[in-house]
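Here is a colleague's note to read beside the sequence and the model. Please keep the structure open while going through the points.

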Amino acid sequence: EKALETARAAAERFPFIPRVWLELSDTCGRLDRIDEQIAALTRALEINPGWSIAYQKLGLAHERRLDLEKATHVYRRAVAADPLDAHNRGFLADALWKLGRRDEAVTELTVALRLDPDYGWGWRQLQAWHRQLGTPDATIEAARRAAEARAGEARGWMQLAGLLVEAQRLDDALDAAARATTAEPRNPDTHDMRAWVLARLHRFDEAKAACRPEAFGETAPFTLRGR
């Protein structure tokens, strides 16, 4: 209650700073004052209509009221305001799945993962959804397309390699790890992944050699020495 009093005073004193309204909304949310939380977030978005985190919090507030249709509308506004924000699409995908619109949900989440191959929640959720749909291999194909779309970046190939290891497709995982090292030869994580996959294949001499890549000269990074 004391925090709410302070947050309200801040909003009165600095009414054109969106962050103040976001802080007020968070305080209202802690006190289960959902209507006030929604009003504060709506005000924040009136001042800054492109603010992704405010849209996400507003959508979650509507979800707390069990109004998934309204939450979905808010997440669509978020995607329209910033279509390159993977998390906006992740929130939209999750709401669509809860509404039973599964194909739309999978499509949105797949787009999100192409935008951000490091989106860990997204990959875990996509795997879970494809298992429920009876199409477990579709996650790997989505990861392959995401990696190929950003072939010059290591992170997509790293994600693909991890999924392939989980699926026990170790030879394919090794190919993906090799693509990652080619994309970013001075990224120690790519060499670490390749060494790890080689070890899973019991190719231990090659795994040790992978921990001493030429790109780093005589002194390999700490993580590779540890591996």
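Predicted model: local features only at pLDDT ≥ 70, side-chain atom pairs only at ≥ 80, totals over all residues.

1. Residues are numbered from 1 along each chain as its sequence is written, and side-chain values use heavy atoms, with hydrogens and water left out.

2. Helices in this note are DSSP runs (H or I, at least four residues), numbered from the N terminus. Helix α2 (residues 18-30) has 13 residues, which at 1.5 Å a residue should span 18 Å, and its end C-alpha atoms, 19 Å apart, agree with that; the expected span of a helix is 1.5 Å times one less than its number of residues. The buried residues of α2 are Pro 18, Val 20, Trp 21, Leu 22, Leu 24, Ser 25, Thr 27, Cys 28 and Gly 29, where buried means under 20% relative accessible area, exposed over 50%, and partly exposed in between (1.4 Å probe, protein chains only). The cover over these buried residues includes α1 (2-13), α3 (34-47) and α4 (52-64), contact being counted for heavy atoms within 4.5 Å. Just after α2, Asp 32 takes a positive phi of about 60°.

3. Helix α8 (residues 120-133) has 14 residues, and the 20 Å from its first C-alpha to its last is close to the 20 Å expected at 1.5 Å a residue. Gly 122, Trp 123, Leu 126, Gln 127, Trp 129 and His 130 are the buried residues of α8, and what covers them includes α6 (86-98), α7 (102-115), α9 (137-149) and α10 (154-166). Arg 124, by contrast, is placed in helix α8 but counts as exposed, at 55% relative accessibility. The C-alpha atom of Arg 124 is separated by 9.4 Å from that of Thr 139, a residue 15 places away along the chain. Just after α8, Gly 134 has a positive phi of about 75°.

4. The largest nonpolar core has 47 residues, of which Leu 109, Trp 123, Leu 126, Trp 129 and Leu 160 touch the most other members. Helix α10 gives the most to this core, with 8 residues. Apart from it lies another core, of 21 residues, among them Ala 11, Val 20, Ile 38 and Ala 40. A nonpolar core here is a set of buried Ala, Val, Leu, Ile, Met, Phe, Trp, Tyr and Cys residues joined through side-chain atoms within 4.5 Å. If neighbours within four places in sequence are left aside, Leu 126 is in contact with Val 106, Leu 109, Thr 110, Leu 113, Thr 139 and Ala 142.

5. Not counting residues up to four places away in sequence, Tyr 119 touches Ala 86, His 87, Gly 90, Leu 109, Ala 112 and Leu 113. Tyr 119 and His 87 are 32 residues apart in sequence, yet 8.1 Å apart in space, C-alpha to C-alpha.

6. Two loop residues deserve a look at the backbone. Gln 168, in the loop between α10 and α11 (170-183), has a positive phi of about 65° although it is not a glycine, and its relative accessible area of 54% makes it exposed. His 202 lies in the loop between α12 and α13; the phi of His 202, near 65°, is a positive value in a residue other than glycine, and His 202 counts as exposed at 60% relative accessibility.

7. His 191 has its place in helix α12 and counts as buried, at 9% relative accessibility. Apart from residues up to four places away in sequence, His 191 touches Thr 181, Pro 185, Ala 210, Pro 213, Phe 216 and Leu 224.

8. About 270 Å³ of space lies in the largest pocket. Of the 15 residues that line the largest pocket, Ala 207, Lys 208, Cys 211, Arg 212 and Leu 224 are the closest to its centre. A pocket is an open set of points on a 1 Å grid over the protein atoms alone, where a 1.4 Å probe fits, with protein on both sides within 12 Å along at least five of seven lines, and lining residues have an atom within 4 Å of a point. Helices α12 (188-200), α13 (204-210) and α14 (222-226) each supply at least two residues of this lining. The lining divides into 8 nonpolar, 2 polar and 5 charged residues, with Ala, Val, Leu, Ile, Met, Phe, Trp, Tyr, Cys and Pro counted as nonpolar, Asp, Glu, Lys and Arg as charged, and the others, Gly among them, as polar.

Notes
Points joined across faces, edges and corners; volume = space filled by probe spheres on them.
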